[in-house]
Amino acid sequence: MGQPDSGTGQVPNASAERLPPGQRERRGWPVTHYGPVPRFRAERWEFRVFGATADGDKRCWNHEEFSALPYHTVLADLHCVTKFSILGAEWGGVSADTVLALAPPAPDVTHVMVWAEYGYSANLRIADFADAHTLFATHRDGELLTAEHGFPLRLVVPHLYAWKGPKWVRGVEYLTADRRGFWEERGYHNIGDPWREQRYSYQEEPGDGPAL
Ligand SMILES: Nc1nc2c(c(=O)[nH]1)N[C@H]1C(S)=C(S)[C@@H](COP(=O)(O)O)O[C@H]1N2
Ligand SMILES: [Mo]
């Protein structure tokens with residue numbers, strides 16, 4: 001593996017065990033997404049939780065309200081399915097746990113669909129969404145996200161490939177049956193665990209996802 005020379009006395013392969021199979025470390029922070037970068041307008045922005053909520057009601061936060069929710073940080077690597085990984089970012093924002101507590105799902109919720117601007121979406125098993133490290137990030141390394149990186153809000157799911165973390169998130173839909181998101185409908189794996197190299201839908205095993 002081409003380990004960049006840091007000159008800090010680091011063990012050459014220190015990050016090798018942090019890299020999922022088939023990934024290479026990439027320095028810096030490239031911008032990776034499909035389609036244009038949406039323009040943020042605070043007065044039109046809202047974050048919605050809908051679908052199978054416990055009481056059947058939707059929840060809605062405007063930007064000011066969402067920004068006032070408790071702030072958490074999570075250390076996480078970003079693994080792009082195109083085989084590069086960016087290691088060691090500190091993400092700050094609102095924990096998915098906080099959203100689940102404020103807008104509880106019905107008991108039969110099995111999955112969520114996370115929705116972003118322009119209809120981008122990613123489906124997650126409820127356990128992946130409820131993972132303690134799953135975060136709606138507003139910041140990275142203490143700085144507000146830039147527009148290209150998802151300002152004002154992006155999801156970070158550290159244990160899955162990064163396409164499972166929509167930038168420009170606008171809401172969460174609670175599902176009582178799994179449904180494929182944007183890339184999951186277009187040839188990418190329904191679960192997307194980088195440690196198991198679940199890159200493509202043809203690798204899916206029975207039970208990994210709804211029929212294609
Ligand atoms: N809305 C939206 N979010 C997205 C994507 C996208 O196409 N649209 N691409 C995903 C992919 S494939 C990756 S690798 C990460 C890249 O995040 P970055 O540009 O901040 O590095 O964003 C993810 N979130
Ligand atoms: Mo990606």
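Where does T53 lie?

1. T53 is found in the loop that runs between β2 and β3, the latter covering 59-62. Please keep in mind while reading that this is a predicted model, and that every value below is computed from it.

2. Although T53 belongs to a loop, T53 counts as buried because its relative accessibility is 5%, and the cut-off for that word is under 20% relative accessible area. The side chain of T53 reaches the backbone nitrogen of G56 at a distance of 3.1 Å. If residues up to four places away in sequence are set aside, T53 touches P104, P105, A106 and Y174.

3. One of those partners, Y174, leads on to the largest nonpolar core, where Y174 is listed with F47, F66, V99, L124, F129 and F136 as the residues with the most contacts inside that core, which has 26 residues. Two or more residues of this core are given by each of β2 (46-51), α2 (96-102), β6 (111-116) and β11 (169-175). As general background, nonpolar side chains in soluble globular proteins tend to be buried together.

4. Leaving aside neighbours within four places in sequence, F47 is in contact with R59, C60, W61, F66, V99, F136, L153, V169, R170, G171 and V172.

5. The surroundings of ligand 1 deserve a separate look. Ligand 1 is surrounded by 18 residues, of which the closest are T32, Y34, H149, R154 and K167.

6. Finally, a word on the cysteines. How many disulfides does a search of the whole structure find? The search finds zero. C60, which was named above as a contact of F47, counts as partly exposed because its relative accessibility is 41%, a value in the range between the 20% limit for buried and the 50% limit for exposed. C80, by contrast, counts as buried, because its relative accessibility is 10%.

Conventions
Residues numbered from 1 in each chain as written. Chains lettered and ligands numbered in written order. Predicted model: local features only at pLDDT ≥ 70, side-chain atom pairs only at ≥ 80, totals over all residues. Heavy atoms only, no water. Core = buried A, V, L, I, M, F, W, Y, C linked by side-chain atoms within 4.5 Å. Buried < 20%, exposed > 50% of the residue type's maximum accessible area, 1.4 Å probe, protein only. Helix = DSSP H or I, 4+ residues; strand = E, 2+ residues; numbered from the N terminus. Contact = heavy atoms within 4.5 Å. Polar contact = N/O pair within 3.5 Å; in protein donor to acceptor, adjacent residues only side chain to side chain. Near = heavy atom within 4 Å. Disulfide = S-S within 2.5 Å.
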